[in-house]
Amino acid sequence: MKTTILFGGTSRERLVSVASAQALTTALPQADLWFWDLDGTVHITSQERLLGHEKPFEVPFKADGATLGTVAEALETAAAEDRVLVLGLHGGTAENGQFQVLAEARGVPFTGSGSAASHLAFDKTAAKLFAGLAGVHSPSSVTLDEADEALAHYGRLIAKPAQEGSSYGLIYVNSSQDIAAVKRESASMAYLIEPFITGPEATCGVLEQADGSVIALPPVEIVPGDGAFDYAGKYLKSTTQEICPARFDPAINAELQRLAVKAHKAMSCRGYSRSDFIISDKGPVYLETNTLPGLTKASLYPKSLKAQGIEFIDFLHGQIDLAIRKAVK
């Protein structure tokens, strides 16, 4: 099959997607490149244009090749040309299951989780419910009506978009003015509000291997340079430290791995995922699962692969083979 890297998309994480695609095309130089533009159309682009694009986390990308039409039309082309898609996509309709449904309906193989798992994991409220049923503890949820009382009780809350990537839209709730800000933002998108849990941040990748077995990769310890691991902290600030393997007690690292695998399986994820946690004084607390985590040179998942002794190219070949096998079934 022809390998094609699909990147871009219409979500707020499309800039991260471009950086992921730069890493993907470096590892898979023979793969074709398709760019999903902000207007919903898909375009062929050259490796020269992609690798020559500077500041991908800040500057929008523009393709230099022919237009393939809408996403649905591009998938028709992919099906007709016997293509397998390596997804360098993140967030929005690219990660919430909508794109996956379109691909599945046309029999187009793609890397990452299928439509049902993608939809479930992308909804943080639903993901918490399913992870909880599997024994993965997460913070209690707070409604907007309960926010004032909860703030008085806990002292601090955190609000985040319920159906958006973890890099955007975080609101740290320390006062009634912050609650008002959450109410304003909630008018345009659903928000999840939780007690703020103090403790180190951690993430743990999960990998499905060729034989179908699922393993947890070494956890990553995150030390934000200014105390906030948001978009700027992840991609634009050099002061953030991402330490892999994490320096936690071995028992904590083992628990992170156990819980990440449980969350992955609870949502029937496929291929690979990454789950985020806070290390509270009572142990790891689950936050969310990413079904298409970043694959940039600076991203957390590739760091875990390296710590596990898995080459990035071998990971990609394994995911491509898995995608083809799953599509055939």
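This is a predicted model: local features need pLDDT of at least 70, side-chain atom pairs count only at pLDDT 80 or more; totals for chains, interfaces and linings use all residues.
Local features need pLDDT of at least 70 and side-chain atom pairs pLDDT 80 or more, while totals for chains, interfaces and linings use all residues. Residues are numbered from 1 along each chain as its sequence is written, and side-chain values use heavy atoms, without hydrogens and water.

Biologist: Are the planes of Phe-7 and Phe-35 stacked, edge-to-face or tilted?

Modeller: Rings of Phe, Tyr and Trp (its six-membered ring) pair if their centres lie within 6.5 Å; planes under 30 degrees apart are stacked, over 60 edge-to-face, the rest tilted. By this rule there are eleven aromatic pairs. The centres of Phe-7 and Phe-35 are 5.2 Å apart and their planes stand at 45°, so the pair is tilted.

Biologist: Which residue has its ring under the charged end of Arg-270?

Modeller: A charge sits over a ring if NZ of Lys or CZ of Arg is within 6 Å of the ring centre and within 35 degrees of the ring normal. For Arg-270 the distance to the centre is 5.0 Å, and the ring belongs to Phe-110.

Biologist: Is helix 1 roughly parallel or roughly perpendicular to helix 13?

Modeller: Helices are DSSP runs (H or I, at least four residues), numbered from the N terminus. Axes are lines fitted to C-alpha atoms over the stretch in contact, with angles from 0 to 180 degrees between N-to-C directions. The axes of helix 1 (residues 14-27) and helix 13 (residues 312-328) come within 10 Å and cross at roughly 90°. Angles under 35 degrees count as roughly parallel, over 145 as roughly antiparallel, 65 to 115 as roughly perpendicular and the rest as oblique, so helix 1 is to helix 13 roughly perpendicular.

Terms used. Helices (H or I, at least four residues) and strands (E, at least two) are DSSP runs, numbered from the N terminus.
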